[in-house]
Amino acid sequence: MSREEIAAIDRECEEQHISQQDYLESHGIAKHQYYRWKRRYRDEDEQSLVPAGFVPMMPGAAPIQSAPTQKPQDQESFLTVEIRTSCGSAMRIQGNMTAAHLREIISASNV
């Protein structure tokens, strides 16, 4: 299963307010296959988070300007964003996001 398929299943379950187990059974998807791929992608994402990938953000700091990309601004990509406070609290946001979603997360964390 692809990341996109996993994300689509998760999104549909949330939108329809049904359990993943019910969705998988009704669509003939083996539970072990779904959960194995979901765990694999989660593990890959966690391993890809290296300290060099963290961007320290200070309250009141100027917004971070990103380098231009070749992707359209409204194209979604599967991303993992982790925000940590100076006291050690953390919040992880994971899923399909556009550049606009990412800018909103960054601006909200600077408040």
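A polar contact is a pair of N or O atoms within 3.5 Å, and this cut-off is needed for one of the views below, which are all taken from a predicted model.

**View 1. The protein chain as a whole.** From the N terminus on, the elements follow the order α-α-α-β-β-α, which comes to 4 helices and 2 strands. Of the 111 residues in the protein chain, 17% count as buried, and the chain exposes about 8,400 Å², of which carbon and sulfur atoms supply 54%.

**View 2. Ser 26 in helix α2.** Ser 26 belongs to helix α2, which covers residues 20–26, and with a relative accessible area of 56% this residue is exposed. A polar atom of the Ser 26 side chain lies 2.9 Å from the backbone oxygen of Tyr 23, while the side chains of Ser 26 and His 27 are joined by a polar contact of 3.1 Å.

**View 3. The salt bridge between Glu 44 and Arg 3.** The side chains of Glu 44 and Arg 3 meet in a salt bridge with an N to O distance of 3.1 Å. Because Glu 44 lies in helix α3 (residues 31–48) and Arg 3 in helix α1 (residues 3–16), the pair ties together parts that are 41 residues apart in sequence. Glu 44 counts as partly exposed, at 37% relative accessibility.

**View 4. The salt bridge between Lys 38 and Asp 10.** Here the side chains of Lys 38 and Asp 10 meet in a salt bridge, at 3.1 Å from N to O. Lys 38 lies in helix α3 and Asp 10 in helix α1, so this pair ties together parts that are 28 residues apart in sequence. Lys 38 is partly exposed at 26% relative accessibility, and Asp 10 is partly exposed at 22%.

Key. Residues are numbered from 1 along each chain as its sequence is written. This is a predicted model: local features need pLDDT of at least 70, side-chain atom pairs count only at pLDDT 80 or more; totals for chains, interfaces and linings use all residues. Side-chain values use heavy atoms; hydrogens and water are left out. Buried means under 20% relative accessible area, exposed over 50%, partly exposed in between (1.4 Å probe, protein chains only). Accessible areas come from the Shrake-Rupley method with a 1.4 Å probe; for residues, only the protein chains shown count as cover. A polar contact is a pair of N or O atoms within 3.5 Å; within protein, one must be able to donate a hydrogen and the other to accept it, and residues adjacent in sequence count only if both atoms are side-chain atoms. A salt bridge is a side-chain nitrogen of Lys or Arg within 4 Å of a carboxyl oxygen of Asp or Glu.
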